[in-house]
Amino acid sequence: MDLYEIPAWRIAQGVISGDLRAVDVLESCLERLDSLEGYIRACLDVYVDEALEEAERVDRLSQEGHHPGPLAGVPVLLKDNICVKGRRTTCGSRMLEGWISPYDATMVNLLRQAGAVVVGKTNMDEFAMGSSTENSAFFPTSNPHDLARVPGGSSGGSAAAVAAGYVPLALGSDTGGSIRQPAAFCGIHGLKPTYGMVSRYGLVAFASSLDQIGPMARDMGDLALCMDVIGQRDPMDATSRSFEGPRFIDVIRNDSLKGLRVGILRGFDEGRVDQELTMVSLMASRFCLDAGAAVSDVKLPVSMGAGLASYYIIAPAEASSNLARFDGVRFGPSVTGDTLGETYQMVRSQGFGPEVKRRIMMGTYALSSGYYDEYYGRAQRVREAIREEFRQVFRSVDLLICPPSPCLPFLKGEMAEDPVRMYLTDAFTLPANLAGVPALTVYAGRSRTGLPLAVQLMAPWGEDRRLVMAGAVLERAFGAPSVVG
């Protein structure tokens with residue numbers, strides 16, 4: 001096994017014990033990246049010199065008998081909406097193409113304190129608005145399983161980089177499925193934690209009440225190890241809170257789900273879902289049954305019926321508010337019109353891409369005088385109904401199983417001219433964001449045509465450990481993903 005194929009938990013063990021050098025692991029990953037990046041195009045920036053310095057520092061600590069941290073020597077990539085001091089943070093947009101962050105996100109500090117090596121930034125849909133990473137202002141990213149297909153979005157760069165073996169671990173952000181859907185499309189695991197479990201300080205906001213940072217990896221142990229590092233309360237984030245419990249890395253050792261009640265989510269339009277994705281959800285429920293869980297059918301009629309419409313009012317409305325700051329005064333292209341209004345128009349026309357403009361206009365309309373209660377107010381009432389629906393269903397079950405997407409990875413350009421069809425690919429992921437509950441995508445093998453299959457698990461608010469424990473059981477049943485290419 002090449003060093004770039006080793007999971008993060010084994011890298012950390014090896015570096016801490018002195019059996020591995022962080023520099024050797026990093027150089028293997030950088031060689032892998034260099035050999036494939038011309039085809040996959042997963043990265044926007046790679047910090048070669050800085051990463052080598054970090055790896056050398058970790059090796060020195062280990063050699064001197066100090067504990068370098070639980071992620072010692074693990075190469076990590078970050079989605080390019082997570083700020084790194086002294087480096088550009090573009091959010092995949094021309095609007096921020098030259099902006100240099102003056103501070104580190106909390107995630108960056110936590111990773112470095114844990115001994116991880118930050119390798120660079122990954123490509124993404126502009127301002128995290130998209131499901132294919134085709135909306136990046138710079139270039140689309142390819143799916144490592146089939147270069148003609150999309151890697152999913154908006155964290156498509158992070159997913160593709162992990163699947164291709166650039167790094168064992170990457171961070172993405174998830175507003176309506178942007179970790180879970182690309183993880184499913186690229187054949188890896190992806191976790192959206194409970195809202196508030198992971199700090200958003202230093203994450204450029206899309207929709208503040210929905211956004212959540214989370215890990216993406218090829219090994220469930222790597223997700224667990226990462227969550228033990230990043231799942232901490234942060235006073236810099238007013239929505240952050242502490243969730244007490246055992247270490248994530250300890251709960252994944254449990255092979256039994258005895259006593260857990262698992263619900264198979266029914267009631268969505270199953271005729272529009274790829275048959276193989278439906279089948280692996282049923283297989284996952286059988287594996288849970290074999291592990292001792294009780295299995296039953298459940299429905300979420302409000303979430304699966306009105307969730308999509310509610311999300312596509314709330315998220316654009318919050319985006320309209322959050323992106324109002326990008327007006328060319330502090331951020332954006334330096335252009336000047338004859339009037340202030342003309343300057344704003346020129347800056348935003350040049351800086352934002354079509355999808356971002358579309359969502360800003362949708363959100364502004366929903367918040368406008370005379371329409372606020374009709375659209376935004378009603379959507380918020382639906383959201384509260386969704387939260388209550390999840391609370392009710394989790395009184396009868398402890399976990400939910402359903403597909404992460406209605407479709408397998410689609411061809412580039414296939415949905416480019418049909419935004420509604422693209423939005424429908426989020427239908428099974430966004431309810432977890434609206435409810436604030438944790439959700440996990442688990443790799444579930446390959447389709448008849450060789451494309452990745454996946455299953456999605458959801459758990460009650462704050463029960464992320466239960467989710468990861470069940471994910472580890474399914475990983476052992478389906479088999480762990482391997483490096484592609």
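Glu355 forms a salt bridge with Arg358, with the closest N and O atoms 2.3 Å apart. A salt bridge here is a side-chain nitrogen of Lys or Arg within 4 Å of a carboxyl oxygen of Asp or Glu. The whole structure holds 28 salt bridges by this search. This is a predicted model, in which local features need pLDDT of at least 70 and side-chain atom pairs count only at pLDDT 80 or more, while totals for chains, interfaces and linings use all residues. Residues are numbered from 1 along each chain as its sequence is written, and side-chain values use heavy atoms, with hydrogens and water left out.

- Glu355 and Arg358 are 3 residues apart in helix H12 (residues 354-367), so about one helical turn separates them. Helices (H or I, at least four residues) and strands (E, at least two) are DSSP runs, numbered from the N terminus.
- An α-helix has 3.6 residues a turn, so residues three or four places apart point the same way.
- Glu355 counts as buried, because its relative accessibility is 9%. Arg358, at 31%, is partly exposed. The classes are buried (under 20% relative accessible area), exposed (over 50%) and partly exposed (in between), with a 1.4 Å probe and protein chains only.
- In helix H13 (residues 372-393), Glu384 and Arg387 also lie 3 residues apart, about one turn of the helix. Their salt bridge has its closest N and O atoms 3.5 Å apart.
- Glu384 also meets Arg391 in a salt bridge, at 2.8 Å from N to O.
- Glu384 is partly exposed at 36% relative accessible area. Arg387 is partly exposed at 30%, and Arg391 is partly exposed at 41%.

**A salt-bridge network**

- Glu50, Glu54, Arg87, Asp104 and Arg112 are linked in a network of salt bridges.
- Side chains of opposite charge can pair when their charged atoms come close.

**Buried polar residues in loops**

- Asn123 sits in the loop between strand E3 (117-122) and helix H5 (156-164). Asn123 is buried, because its relative accessible area is 0%.
- The side chain of Asn123 makes a polar contact of 2.7 Å with that of Ser136.
- Asp237 lies in the loop between helix H7 (220-230) and helix H8 (248-251). Asp237 counts as buried, at 9% relative accessibility.
- The side chains of Asp237 and Thr239 are joined by a polar contact of 2.7 Å.

**Helix H10**

- Helix H10 (residues 301-322) has 22 residues, so at 1.5 Å a residue it should span 32 Å. The expected span is 1.5 Å times one less than the number of residues. The end C-alpha atoms of H10 are 31 Å apart, which agrees.
- H10 has a kink of about 55 degrees, centred on Gly307. The bend at a residue is the angle between axes fitted to the seven residues ending there and the seven starting there.

**A nonpolar surface patch**

- Val329, Leu340 and Tyr344 form a nonpolar patch on the surface, with about 300 Å² of accessible area together.
- Leu340 belongs to helix H11 (residues 340-351). Leu340 is exposed, with a relative accessible area of 55%.

Conventions
A polar contact is a pair of N or O atoms within 3.5 Å; within protein, one must be able to donate a hydrogen and the other to accept it, and residues adjacent in sequence count only if both atoms are side-chain atoms. Patches are made of residues with over 30% relative accessible area and no salt bridge: like charges are joined within 9 Å, nonpolar side chains (Val, Leu, Ile, Met, Phe, Trp, Tyr) within 5 Å. Accessible areas come from the Shrake-Rupley method with a 1.4 Å probe; for residues, only the protein chains shown count as cover.
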